[in-house]
Amino acid sequence: MKNEFSVVGKSVPRIDAYDKVTGRARYCRDLKLEGMLHAKLLRSPYPHARVKALDVSRAKSHPAVKAIATIEEVPKVVGYWWNLRTEKGMKKMFMQDNVVRFVGDPVLGVAAEDEDSAEEALSMILVQYEQLPPVFDPVESMKDQTIKIHERGNIAFHVLKEYGDIEKGFREADFVIENRFVTSKQKHATIEPIGSCIADYSPSGKLSVYSSTQLPHWSRMYLAGALGLPSSNVRIIKPYTGGAFGGRCGLIHGLELMCCHLSKKAGRPVKMSFTRKEDFEATEGRHPFLVELRTGFTKEGILTANSIKIVMDVGAYATHYIGVIADALSTGVGLYRIPHVKFEGYCVYTNKSLNGAFRGYGNPQMNFAQESQMDIVAEKLGMDPIELRLKNYRGAGEIDPVFNEKILSCGLKECLFQGAEKIRWKKKSRRSSRRGKIRKGVGMSCLMHGTGARFGLPDPASAIVLINADGSVSLETAAADDGQGNKTGLVQIAAEELGIDWRKISVSDTDTDTTPLDGGTHGSRQTYCGGIAVRKAAAQAKKSVLVFASKHLNTPQNRLDIREGVIYDTKRPSLNISLADLMRKIQIEDLSLCEQIIGAATGVAPSMPPTYGAHFAEVEVDTETGGVRVLRLVGAFDVGKAINPAHIEGQIAGGEVMGIGYALTEGLVIENGKVMNSNFADYRIPRSCDIPRIDAVIVESHEPTGPFGAKGIGEATMIGTASAIANAIYDAVGVRMKELPITQEKILVALQSFNPP
Amino acid sequence: MARVNIKIKVNGKLQELGVEAHETLLDTLRERLGLLAAKYGCGDGECGACTVLVEGNATLSCLTLAAHVDGKDIETIEGLEQGSHLHPLQESFVEQGAIQCGYCTPGMIMSAKALLDKDADPSEEKVRRAISNNLCRCTGYEKPVKAILEAARRMRGEK
Ligand code: FES
Ligand code: FES
C-alpha cells in the first residue's frame, strides 16, 4: 500500500538472469557425474495388462548394461502428501504389483554405459503380457463392475459437501438453469521436458539425487520412505529448472525411484532423461473434468442455489487428486455468496496416463464451468456480467465457507473496475456485431485461488539468515525456483526487513542437505509462505544485530534501526556504525565473541489468503472457418502487495498465454489408450505470433497476514482465461462452447446447428 | 559406424572433430564441445530450444547433422559476451525481465540475433515472426518481444 519501502515493490532484475542469459545456467539435463550410467525405461504397449513373465537374460549379457530393475522391485509412488500425513498413509504410498495400467507405464529400467546401449538392451527383453480389459471413459469406469483398475475399485475418492439447504435454494429461485461442461487434458509442456534426474546411491548408504522437483523436502521423504533410509541420508539437489507449473510436483512416475534402484544395483550414478514423447505420453497432465451445474437465481440477479457435480479423470494412478477436487470445491463454493450449495465429486481411475498437479489445481476446470454458467445467467437476466459478479461475490470481512475463515483482503471489485476500464468494456457494444463473416466479441470471468495449502496439507516454510563478517548476508531456503523468480522476491523481502542493499544477499542453492524444511513450490505459495519465513528470520537476525549495536553505540536498542546497511540511532543519526564494521567486530575482532548472527524461522503460514482476479478477452471469430483470433487480453489481479511488479507482469503474461492454449488448442488426444498428439506439431501451444496484446493490471489489497501484504499470483493468472475467451466467443457469434479446447471444428459444428433467435 | 572428420568454427574458435555420420550438431555442441547452452526440448525441430547460428542464420541444431556444417561458422550464446560485456540482447533480456526459467532463452536470443544482424530496425511483427519457432511456456512472449525491440534500439545507438 504505502510506498515507504526501499526494495519491496521494485522491479529489481532476477538474481539468476546473468546465468541464464549467458548460457551458464545448468539444468538437470546438462549435468554429468563421474562414472555415470544412462537409463531407459521399457514401457507397456498396452493400456491394461499383467506382466506374466520377463526374460532379461539377453539384455543382461549386453556388455554395456550394468543394471536392470523391474516393476516387481521398484514401487510406484501414489497418494503424495495425503499419504505423507500419517505413518499408515506412508506405507500405502508405495504400490507394488506387476500390473501396467496405461500405455507407457514402466515395466523395467535398464542402466548402461550410454543411452544407445540402454536402448539396444531394451529391444533384447522379452515380456509376456496377459492383457486385461481397459476402460478409458471415467463415467463408464465409475459404473463398470467388471474391470477393476485398482483392487479397491475405480473410484479413488468421493466427496459430498452440502452448505445450506439446496432444495430450499431452488425454491427461492425465479430461474434455474442446468449445463454440462467438459475440459481437456492439458500438458504442462515445459520447454525442458518433464523427467530428468541423476541418482547417486553410495554403498555407504548415502543417496544424492539431482532432480528438478518442485518439492525437494517431500521428495526426500518419499524416497527415504520407499528405500528404507533415514531422511538424513537422502540429499535432493535441485539445479535450474526449465519450467514446472505443477508437472514436477512430486516424484515423476518411473523416474527418481527407478534411478535410485538402478544406481544401488550398479554402484554408480544413474541418469535418466525422458524424451519429449515420453513427457507427453507418460507424465502427469491436467485432470479432465466433467462438470454438471444446476444454478438457481432470482430475477434481481441474486444466486440462491448451486448444485455442482464433478467427475474427474484421475488416470491410472492417483497422485494429486484429493487436493485437486478440493480446489474445485473451494472455488465452486467460495467465490460467490450462494447460500445453498451442494458439491459432489468423484475422482475416477481410467487406463490412461496419470493426471496430477497443474497450475490452478482443479480451479481452471471448475472456473470454466462456473464462469460460463455465470455468463449464461447474466444473459438470461439481460444483466451486465460484471454487475452480476458484483452482486454476488464474497468480499473481505465475510467468512469463506469451505475453510471457515474470515477473508481479510479482497480486491476483486477493483480488479473488475480497472480491468473493465482497460479493455473499455462499456464501449464495446456487446453482441452488436453478430453480422458479417468476421465477428468480434468480448467476455470476462472472475476467479479466486487460495495461496498455499495450509487448510488441508502440511505446508511448512523455513529460512535461515546468516550475516557474514563483511555485512553480506547468506539466505538459506529450500524454496525451489522453477523460473517464477521467487528467490529474487525472497531476497527483496530479506533486504527490506534487514535494511540492506538486496545485492548484498546471496541465496543458497536448493539442496535438502543445507536448507531447512520447506513444503515446496506449489499453490502459488513461495512469496507468501516462504516470504513469511524469510521475513521472520531476517527480523530475528536484525534484532540480534541491534542488541550488539546497542552495546557498541551505547544507546538503547529501541532507538536503533538499519538503513542502507548502516545501523543508526533514529534520534541522533550521526551515531551510527555500518553493518559490516559491526559484524567484523563481533565475528572476528572481538576474540571473546566470535559469533555469527543467525536468524532462523520455521513453521506454517497463519492463513491461506485467496488471490482474486478478473480476466477480460476480446476475440474475433471467422464464421466461415470457425477460427478464433484473440485480439486482446486484460488480466487484473489482487496480489496483496507486488513485491516485484515485473515478475508479476511476467506471471500474468505467461499465465494468460497458457490460458489461450487451454481455451483453444491444448488437450491430449487419447485413442484406445494411445496418445495421438505427443509432439509440438500436433499438440499446439501458443507461439509468439498467436499472442495478442496483453495488459496486466496489478491491484494491491494488502493482505494483513502476508509479508509486506503480499499473497500468491502464479496460478491465478491462467485460471479464468479460457472462461473469458469462451464468453467472448459467445458474445461474438452466439454459440455457447461448453467443451475445451474450443477448436475451430467445434465452433464450425456449433455454428452450423445454430439458429439465431 | 561411419565417422566423419569436420572442421568448424565455433564462436570464433576452430574445431577439428571426428563425428558420427548421423550425429546432430546439438549433440556435437553438447557432448563433444561441452557447450551446454543450446538445449534439447523436443529433438524434432518444433521448439527452438536448440537454436544456434550457422553462417549467421538461425538453425535448429537438433535437425542439423554435424557433418553437414563442415567448414561453417557456428555461433552459440556462449560466444555472445565480449570480455565481460553482455551483448545488447542479453543486457535487455536481463533488464526487461524477459527471462523466467531460462530454458528457451539461449535459443530465443540466437533467433533474435539472426534477425537483428540483418535488420537493424525490425517491426514488432517481424520480431514476433523471428521468434515464432522458439516456444516459451513461461513468459507469454510479452517481455522477450519488448527486450528484442529494446536491444535493437540500443544496437542502433538510440539511447
Ligand atoms: S530441440 Fe531442436 S527444435 Fe526442439
Ligand atoms: S522462460 Fe521458460 S520457457 Fe521461456
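## Cavities

By class (Ala, Val, Leu, Ile, Met, Phe, Trp, Tyr, Cys and Pro counting as nonpolar, Asp, Glu, Lys and Arg as charged, and the others, Gly among them, as polar), the lining of the largest cavity comprises 14 nonpolar, three polar and two charged residues. This is a predicted model, in which local features need pLDDT of at least 70, side-chain atom pairs count only at pLDDT 80 or more, and totals for chains, interfaces and linings use all residues. Residues are numbered from 1 along each chain as its sequence is written, chains are lettered from A and ligands numbered from 1 in the order in which they are written, and side-chain values use heavy atoms, with hydrogens and water left out.

The largest cavity has a volume of about 190 Å³, and of its 19 lining residues A:Val74, A:Pro75, A:Lys76, A:His253 and A:Gly254 lie nearest its centre. A cavity is a set of points on a 1 Å grid over the protein atoms alone where a 1.4 Å probe fits but cannot get out, and lining residues have an atom within 4 Å of a point; grid points are joined across faces, edges and corners, and a volume is the space filled by probe spheres set on the points. At least two lining residues come from each of β4 (76-77), β7 (106-112) and α9 (256-266) of chain A, where helices (H or I, at least four residues) and strands (E, at least two) are DSSP runs numbered from the N terminus. β7(A) gives the most, with three residues.

The second largest cavity holds about 100 Å³ of space. Its lining consists of 13 residues, the closest to the centre being A:Lys406, A:Ile407, A:Ser607, A:Met608 and A:Pro610, and it divides into seven nonpolar, two polar and four charged residues. The count of cavities of 30 Å³ or more comes to ten.

## Interface of chains A and B

In chain A, 55 residues are in contact (heavy atoms within 4.5 Å) with 40 residues of chain B. The two chains bury about 3700 Å² between them, 57% of it on carbon and sulfur atoms, buried area being the accessible area (1.4 Å probe) that two parts lose on being put together, summed over both. A:Val21, A:Ile191 and A:Ser688 supply 19% of the area that chain A buries against chain B, more than any other three residues.

Six salt bridges (a side-chain nitrogen of Lys or Arg within 4 Å of a carboxyl oxygen of Asp or Glu) are found across this interface. B:Glu31 forms a salt bridge with A:Lys32, with 3.6 Å between the closest N and O atoms. On the side of chain A that touches chain B, the elements giving two or more residues are α1 (17-21), α18 (645-664) and β35 (693-699) of chain A; α18(A) gives the most, with eight residues.

## Largest pocket

About 1200 Å³ of space lies in the largest pocket, a pocket being an open set with protein on both sides within 12 Å along at least five of seven lines. Its lining has 33 residues, and those closest to the centre are A:Glu115, A:Asp116, B:Thr24, B:Asp27 and B:Glu31.

## Backbone features

A cis peptide bond, with omega about -10°, joins A:Leu740 and A:Pro741, and A:Pro741 lies in the loop between α20 (721-733) and α21 (744-752) of chain A.
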